[in-house]
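Student: Please show me the model. I want to ask what each label rests on.

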Amino acid sequence: MSTSYDVIVIGAGPAGYVAAIRAAQLGLKTACVDDFIGKDGKPALGGTCLNVGCIPSKALLESTKQFHALLHTFKDHGISAAEPTIDVPTMIGRKDKIVRQLTGGIATLFKANKVTALAGRGKLLANRQVEVTFHDGATEILSATNVILAAGSVPIEIPGIPFDGSHILDNVGALNIESVPKRFGVIGAGVIGLEMGSVWRRLGSEVTVLEALPDFLAACDADIARVAAREFKKQGLDIRLGCRVSGAKVVGDEVHVSYTDAAGASQDVVFDKLLVAVGRRAHTRGLLAEDSGVRLNPRGQIEVDAHCHTGVEGVWAIGDCVRGPMLAHKGSEEGIAVAELIAGKAGHVNLDTIPWVIYTEPEIAWVGKTEKECKDAGIPVKTGAFPFAAVGRAMAMNETYGSVKIIAHAETDRVLGVHMIGPMVSELIAECVVAMEFHASSEDLARICHAHPTLSEAVHEAALAVDKRAIHRAN
Ligand code: FAD
Ligand code: NAD
């Protein structure tokens, strides 16, 4: 007789561990299988996000932001320090400590909620059976009324440019460099490339980013992407668009990269470290037995409906291994929704209001449609924008770059998208997500009282500006 559960979750990233906790909270007998091994060689819960993604990257961004400010902007406050230095191994150690704290925290939460954690690889068999191969090679077949697949994603490798962990790096390698590389190369000017490029640029690396597309940050609103390109250039990030990388090879302690530039000319460039960050793909290798019945779509993601159901009775899939943005909070919301659906409650995730944040300086955040997406869809719009340069709090913080832009329907005034670049916009975007979830109009945002002096006044004024009545600038 195999052990039987109400719910078995495969994967303990932010999608899977949240699903497991919520299912257990709802009284369901729950197990969560995860195969991740942490830097200390021990099983670690939390998936990509906690171990080698969101959290460690934000820890390094914070350390390097502080160091950069000490070098360049503290003097504006009258603060000076003699010859500041940064000890990179200490910075990496701090990051590792935060990771250990958080991954250990998930183990504690599992215990508190009576989720059984199984350290090993899970494979979905037919009839909702799950084969678990433990790290010591032992196997066990478990059965469940419901199985939630939350296997996450892995980085895409460019053919002929394999990751080697020392010179040609994926996200894991880029988070563990122990000394400042003189020349840091990045292939892909996406979210990881810009965040990790910023980390090493702030510590003094010469950073070159090779991007295939002719447009910078094509997913962002064009007005925001323009400001971002200008600010990153000022910081010394050398972002080259329209590049076709043809090869990279390690020669001694260097990486030699060849590419064709936007004008069609062949170029060679040499780096000390090369990060390849050209996107991620669903991690489904070895996850599904041939007769599991679960199908993949042409992009290799697990096929699901709007409720994350795979079409196979009792089998669900969530997070990075299914359609939609590859973001931790999107996966977590799907995890909660699926656990609630399994328990007979309502559960739904609105993919149209998932916020995006890029944690560079300035930060970039958005929710909803860009102006171009509205125009392409034939939706008539009106927009309002307000710069942080006119916000008292931003001046007090010495962070006056960027702006907030609100896009509203030209006739109904309903907010269709909000796009920001500037200080702490990662926090400001939450208000706009709430507004969009409640189908707010720009007039609603304009009539809501915002505390003074706060950065949120930029949101308020942008809403007023939609109707050309911003107070603190000429309309
Ligand atoms: P994952 O976090 O990938 O977890 C899946 C887990 O399942 C892993 O532990 C994996 O080992 C395990 N697994 C896979 N297959 C099996 C199997 N067969 N058996 C057992 N276990 C299995 N998102 C944000 O929202 N904000 C950010 O700031 C952010 N920063 C990021 C920075 C970097 C460098 C990277 C790489 C990603 C970042 N992301 C960020 C994306 C975020 O990490 C992912 O969207 C998120 O982790 C996806 O969660 P998940 O649970 O679907 O998958
Ligand atoms: P990405 O999709 O954000 O960016 C990849 C970039 O590489 C794109 O601009 C693409 O045009 C470019 N590219 C693709 N192939 C190329 C090639 N051969 N040569 C040059 N450029 C090429 O992917 P990513 O940066 O690898 O990140 C993966 C995902 O992880 C993100 O999409 C995001 O979902 C998630 N993530 C989120 C955050 C965050 O929320 N702050 C941070 C990091 C990662």
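**Ligand shells, contacts and cavities**

Tutor: By class, the shell around ligand 2 holds 14 nonpolar, 3 polar and 4 charged residues. The model is predicted, so local features need pLDDT of at least 70 and side-chain atom pairs pLDDT 80 or more, while totals for chains, interfaces and linings use all residues. Residues are numbered from 1 along each chain as its sequence is written, chains are lettered from A and ligands numbered from 1 in written order, and side-chain values use heavy atoms, without hydrogens and water.

Student: What makes a residue nonpolar, charged or polar here?

Tutor: Ala, Val, Leu, Ile, Met, Phe, Trp, Tyr, Cys and Pro are nonpolar; Asp, Glu, Lys and Arg are charged; the others, Gly among them, are polar.

Student: Which residues are the closest to ligand 2, and what makes a residue near?

Tutor: A residue is near if one of its heavy atoms lies within 4 Å of the molecule. Ligand 2 is surrounded by 21 residues, the closest being Glu195, Glu211, Gly279, Met326 and Val357.

Student: Why is the pair between Glu195 and ligand 2 called a polar contact?

Tutor: A polar side-chain atom of Glu195 lies 2.9 Å from a nitrogen atom of ligand 2. A polar contact is a pair of N or O atoms within 3.5 Å; within protein, one must be able to donate a hydrogen and the other to accept it, and residues adjacent in sequence count only if both atoms are side-chain atoms. The Glu195 pair is within that limit, so it is a polar contact. Met326 brings a backbone N or O atom 2.6 Å from an oxygen atom of ligand 2.

Student: How much of ligand 2 does the protein bury?

Tutor: The protein buries 76% of the 840 Å² that ligand 2 exposes when taken alone. Accessible areas come from the Shrake-Rupley method with a 1.4 Å probe; for residues, only the protein chains shown count as cover.

Student: Which element gives the largest share of the shell around ligand 2?

Tutor: Helix 6, with 3 residues. Helices (H or I, at least four residues) and strands (E, at least two) are DSSP runs, numbered from the N terminus.

Student: What surrounds ligand 1?

Tutor: There are 38 residues around ligand 1; Asp34, Asp35, Thr48, Lys58 and Gly122 are the closest. Helix 2 gives the most to this shell, with 4 residues.

Student: How do you know that Asp320 makes a polar contact with ligand 1?

Tutor: A polar side-chain atom of Asp320 is 2.8 Å from an oxygen atom of ligand 1. That falls within the cut-off, so the label holds. The protein covers 94% of the 990 Å² of accessible area that ligand 1 has on its own.

Student: What makes a space a cavity or a pocket?

Tutor: On a 1 Å grid over the protein atoms alone, a cavity is a set of points where a 1.4 Å probe fits but cannot get out. A pocket is an open set with protein on both sides within 12 Å along at least five of seven lines; lining residues have an atom within 4 Å of a point. The search finds 1 cavity of 30 Å³ or more. The largest cavity has a volume of about 50 Å³. Its lining includes His307, Arg323 and Glu334.

Student: How much space lies in the second largest pocket?

Tutor: About 780 Å³. A volume is the space filled by probe spheres set on the points, which are joined across faces, edges and corners. Helix 3 gives the largest share of the lining, 7 residues.
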